[in-house]
Amino acid sequence: MKKYLLLLITLFATITIVTAQEGKDATPKIHKPASKQERILFNFMLDSWDKTPPGIATNWIKSRSFEFFLMADKAFANEHLGIAYGLGISSTNVNSNARFDQINNNTILNPIDSTQYNMNKLSTNYIEIPLEFRFRTSHIHNGNRFKIAIGAKAGYLLQDHLKFVSDIIKDKLYNTPNIDPFRFCATGRIGYGKFSLTGFYGLNTLFKSGKGSGVIPMGFGITFTPTFGGVSL
């Protein structure tokens with residue numbers, strides 16, 4: 001996870017330097033201050049699945065995930081409206097009682113027969129492109145605003161693994177069959193100042209269409225946006 005975060009920060013810094021250099025060489029234009037609203041997002045979330053087969057349950061409390069996004073914000077209407085896009089990474093963990101059975105080249109989720117285990121989770125790591133439509137009030141106190149953002153994100157799977165731990169077995173398997181390498185999610189946030197409630201709901205299933213149980217990823221949690229000098233970066 002750390003190497004993906006370092007790679008993302010390096011890529012973003014490189015793009016910023018190249019863009020700045022191109023700007024120097026271009027024909028002079030009227031300068032318009034760039035918006036600095038919510039350019040860095042840290043999401044701390046609890047994940048789960050919707051539309052699970054009978055008998056399959058997830059453990060929200062043990063299904064913790066983390067997302068990090070670098071965003072560019074294009075504001076208009078006196079900064080009350082904005083469009084933001086960017087690049088980020090996510091690390092998800094869903095704990096469940098599901099056994100990942102391979103039946104006729106399909107991945108079918110069935111309940112684990114025994115309840116004597118400490119962990120049974122699917123972890124997935126994605127690189128993602130988020131897009132948000134933002135709505136903000138005027139500054140209320142110390143630069144803080146009420147804000148709402150709705151949008152979507154598209155992700156590509158970097159790595160996945162299943163981890164099972166019991167008193168007698170500790171197993172870790174990579175490259176779960178039939179997981180869709182792409183994921184598309186609707187997203188939403190509402191908050192004030194540095195913090196927002198956030199959530200997402202999958203627009204496609206965890207597994208490739210027709211190749212597994214039709215569970216849909218979803219999650220909710222808290223977004224933290226650093227603030228410097230009264231401006232949410």
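A residue is called buried when its relative accessible area is under 20%, exposed when that area is over 50%, and partly exposed in between. With that in mind, and remembering that this is a predicted model, select Phe135, which lies in strand β6; because its relative accessibility is 39%, Phe135 counts as partly exposed.

Colour the strands β3 (81-95), β6 (119-136), β7 (146-165) and β10 (195-202), each of which supplies at least two residues of the patch, with the largest share, three residues, coming from β6.

The largest cavity contains about 130 Å³ of space, and to find it, select Asn43, Phe69, Glu132, Thr187 and Thr198, which lie nearest its centre among 15 lining residues. Two or more lining residues come from each of β1 (40-50), β2 (64-76), β6, β9 (182-192) and β10, and the lining as a whole is made up of six nonpolar, five polar and four charged residues.

Finally, select Trp49, Thr92, Val94, Thr124 and Pro217, which of 13 lining residues lie nearest the centre of the second largest cavity, where about 100 Å³ of space is found. Here β1, β3, β6 and β11 (216-224) each give at least two residues to the lining, which divides into eight nonpolar, three polar and two charged residues.

Technical notes:
Residues numbered from 1 in each chain as written. Predicted model: local features only at pLDDT ≥ 70, side-chain atom pairs only at ≥ 80, totals over all residues. Heavy atoms only, no water. Helix = DSSP H or I, 4+ residues; strand = E, 2+ residues; numbered from the N terminus. Buried < 20%, exposed > 50% of the residue type's maximum accessible area, 1.4 Å probe, protein only. 1 Å grid on protein atoms, 1.4 Å probe; cavity = no way out; pocket = protein on both sides within 12 Å on 5 of 7 lines; lining within 4 Å. Points joined across faces, edges and corners; volume = space filled by probe spheres on them. Nonpolar A, V, L, I, M, F, W, Y, C, P; charged D, E, K, R; others polar.
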